[in-house]
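Please read them next to the coordinates.

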Amino acid sequence: MLKNTIDAIEMKSSADVLKAVQDAKNDGYRYATMICLKKDDGHELIYVLDKDYKLKNLRYFVKPGEKPKSVSGIYLCALLIENEYQDLFGLTFEGLAIDYKGHLYLTPNSPKTPLA
Amino acid sequence: MTTVIPFGPQHPVLPEPVSLKLELDNDVVIGALPSLGYVHRGLEKFIDTKDYNQTTYICERICGICSALHGITYTMAVEKLFDVEIPERAMYIRVIVGELNRVHSHLLWLGLFADGFGFESLFYECWKYREAVLDVLEKITGNRVIHSISKVGGASKDLTKEHIDLILKMLDTVESQVKDLEKVFINNYTVKQRTVGLATMSKQLAYEAGTVGPTLRGSGVHSDLREEADWDIYKDLGFKAVVEKDGDCYSRTKVRVFELYESIKLIRNAISKLPNGEIATPIKGSPTGEAIMRTEQPRGEVVYYVKGNGTKNLERLKIRTPTFANIPSLLLTLPGIKLADVPIVVLTIDPCISCTER
Amino acid sequence: MTLAKSPWIIHVNVNSCNGCDIEVVACLTPLYDAERFGVLNIGTPKQADIMVVTGSVNYKNVNVLKNLYNQVPDPKVVLAVGACASTGGIFHDCYNVIGGVDQVIPVDAYVPGCCPRPEAILDGVVAALSILENKKKGNVKGKEVKMKGNEVPSNA
């Protein structure tokens with residue numbers, strides 16, 4: 001176990017994430033960013049939300065092959081970071097506001113999913 | 001009838017390659033789609049081959065304008081993993097160099113902005129004043145652009161008496177020059193004609209669009225990470241965030257002009273309180289755990305996420321840069337703008353594309 | 001009538017971190033004042049004589065660079081400014097970086113440094129002037145670099 005980790009609320013399903021993000025928006029949180037990590041064949045997403053300099057983190061484990069739901073319907077600004085992870089980790093987000101289909105940064109002949 | 005006009009990647013007002021596909025109805029933009037990737041290098045992968053000390057120098061080369069603050073934020077994030085107290089003098093040196101960096105960055109932006117609407121003499125004036133700041137930074141750190149002032153555990157170079165005298169002397173001249181610039185940027189007919197009432201973002205829109213830094217503060221939201229607890233020495237220095245409420249291009253410009261005075265005040269106060277002592281603590285071992293570190297860069301909040309697994313190399317490094325957060329706001333502000341005003345609106349978020357794409 | 005008395009430059013940023021870019025622009029501002037050599041920064045490649053390139057080449061901007069190079073009229077000189085433009089620099093083994101500018105288009109002069117000082121860039125421009133003049137005398141034409149769609153140069 002890592003000794004100093006960031007405080008984060010564990011999420012069970014992608015629908016829970018959407019609900020928690022919507023609640024946070026109603027509470028006046030601002031979407032800061034999302035962090036993606038490799039973990040046990042799948043990926044771990046950490047949603048980082050900010051209000052009055054305090055962070056609220058949501059941790060969600062994406063099983064291999066699962067398609068997480070996009071939060072860009074709630075916070076439009078989430079679309080860039082979600083498209084970035086489609087490029088770099090090969091994830092697929094469902095319901096993206098603008099979908100670059102894995103070509104936000106990369107062209108057809110660049111290395112595929114370099115961070116995965 | 002709608003036409004699609006590509007803006008960039010090579011464009012006279014953009015020093016950097018970014019492409020916007022503008023959908024136009026006659027002369028008015030009705031939709032904008034950014035296309036990124038012209039500066040994507042893939043720095044987050046570098047941690048596989050470089051250890052955590054070497055990564056400092058990679059992070060400084062994310063961007064050549066706010067390089068000092070990238071290095072400082074990265075080292076502070078790694079220090080969180082080690083859970084070490086670093087000497088106070090090192091923190092003060094970081095603040096001084098970081099704020100000098102902000103002064104040069106804002107002067108640079110004001111110049112580019114003036115160039116954006118064709119005010120060339122003002123552009124030259126801003127960049128002439130900026131050279132004095134760069135000269136001092138070069139004296140202190142050894143390079144005009146990449147400063148490398150921060151290392152894991154403290155500061156890499158100390159400030160001598162001679163350096164401090166140079167900084168104070170430079171600040172006096174720059175402050176009076178900024179006063180001259182302020183008169184032009186705040187009162188000049190041309191500047192006002194091109195910026196007042198243009199691309200107005202309401203307080204709520206700016207907040208929900210996730211904008212940061214002067215773009216957010218220009219819309220009346222009180223948010224500056226220099227007030228946050230991680231940087232508690234800013235409180236001792238009497239820092240006050242600059243907020244303008246109108247939310248148009250003019251008010252974003254005003255935020256940056258007034259922040260110049262704030263930075264100058266901070267440097268003066270930091271110098272007067274500069275404690276004596278060591279500038280670095282030795283660091284042993286390898287980083288473990290995860291940490292998020294945020295600081296206020298010239299363009300806004302930067303988020304560093306680091307994760308160590310007990311080896312010399314970090315397991316994950318994620319950087320969310322300010323322009324990355326500000327670009328989505330363009331999707332919301334550009335519709336309804338005349339094509340001729342697009343360069344000005346794009347410039348007011350102070351785009352730094354090499355930060356965005358890393 | 002000599003071309004070297006008033007060369008017009010086009011500044012192309014391909015994959016630069018902004019450091020070299022800003023130094024190139026700083027060359028044109030009052031302290032360093034490249035305009036005393038007749039140098040004028042121009043936005044369009046069709047009017048340029050010298051192409052100043054900063055930054056390394058990646059997979060997305062490689063065709064932008066080729067396209068701009070082909071549009072600069074003969075005689076033309078390419079000046080690679082900074083470590084990244086010369087060799088790929090600190091980023092040479094990043095996954096999305098092909099390498100220095102000379103992997104894609106012919107380069108006539110290099111300015112080393114990370115970042116090079118404005119004085120060094122001015123020296124580079126002055127060195128480029130004599131190359132430009134020689135190319136004009138010898139009627140040297142720049143080869144047209146083929147656009148290969150999305151393909152990567154074979155030596156990358």
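1. Two residues are in contact if their C-beta atoms, placed from the backbone, lie within 7 Å. By that criterion, residues 24 or more positions apart account for 69% of the contacts in chain B with a separation of 6 or more.

2. On conventions: this is a predicted model, in which local features need pLDDT of at least 70 and side-chain atom pairs count only at pLDDT 80 or more, while totals for chains, interfaces and linings use all residues. Residues are numbered from 1 along each chain as its sequence is written, and chains are lettered from A and ligands numbered from 1 in the order in which they are written.

3. Overall, chain B has 13 helices and 8 strands; helices (H or I, at least four residues) and strands (E, at least two) are DSSP runs, numbered from the N terminus. Its C-alpha atoms fill a box of roughly 65 × 45 × 35 Å along the principal axes.

4. Of the 358 residues of chain B, 60% count as buried. A residue is buried if 20 or more other C-beta atoms lie within 10 Å of its own, exposed if 12 or fewer, and partly exposed in between, with C-beta atoms placed from the backbone.

5. Helix 3 of chain B covers residues 88–116. Its 29 residues reach 42 Å from first C-alpha to last, close to the expected 42 Å, where the expected span is 1.5 Å times one less than the number of residues. Because 27 of the 29 residues are buried, helix 3 of chain B is largely enclosed by the rest of the structure. Just after this helix, Gly118(B) has a positive phi of about 80 degrees.

6. Chain B also holds an open sheet of 3 strands in the order 1-2-3, with antiparallel pairing; two strands pair if DSSP finds at least two bridges between them. Strand 1 (2–7) and strand 3 (28–35) of chain B are the edges, each pairing on one side only. Strands 1 and 2 of chain B share 6 bridges, and Ile5(B) has Leu22(B) as its bridge partner in strand 2.

7. What does chain C bring to its side facing chain B? In total, 30 residues of chain C are in contact with 31 residues of chain B. Strand 1 (8–15), helix 1 (19–27) and helix 2 (62–71) of chain C each supply at least two residues of that side. The largest share, 6 residues, comes from helix 1 of chain C.

8. Strand 1 of chain C is largely enclosed by the rest of the structure, because 7 of its 8 residues are buried. It runs parallel to strand 2 (residues 40–41) of chain C, with 2 bridges, and parallel to strand 3 (residues 50–55) of chain C, with 6 bridges. In strand 3 of chain C, Val52(C) is the bridge partner of His11(C).

9. Pro116(C) sits in the loop between strand 7 (109–111) and helix 4 (118–137) of chain C. Pro116(C) counts as buried because 27 C-beta neighbours lie inside 10 Å. Beyond its neighbours within four places in sequence, its contacts include Cys20(C), Glu23(C) and Val81(C).
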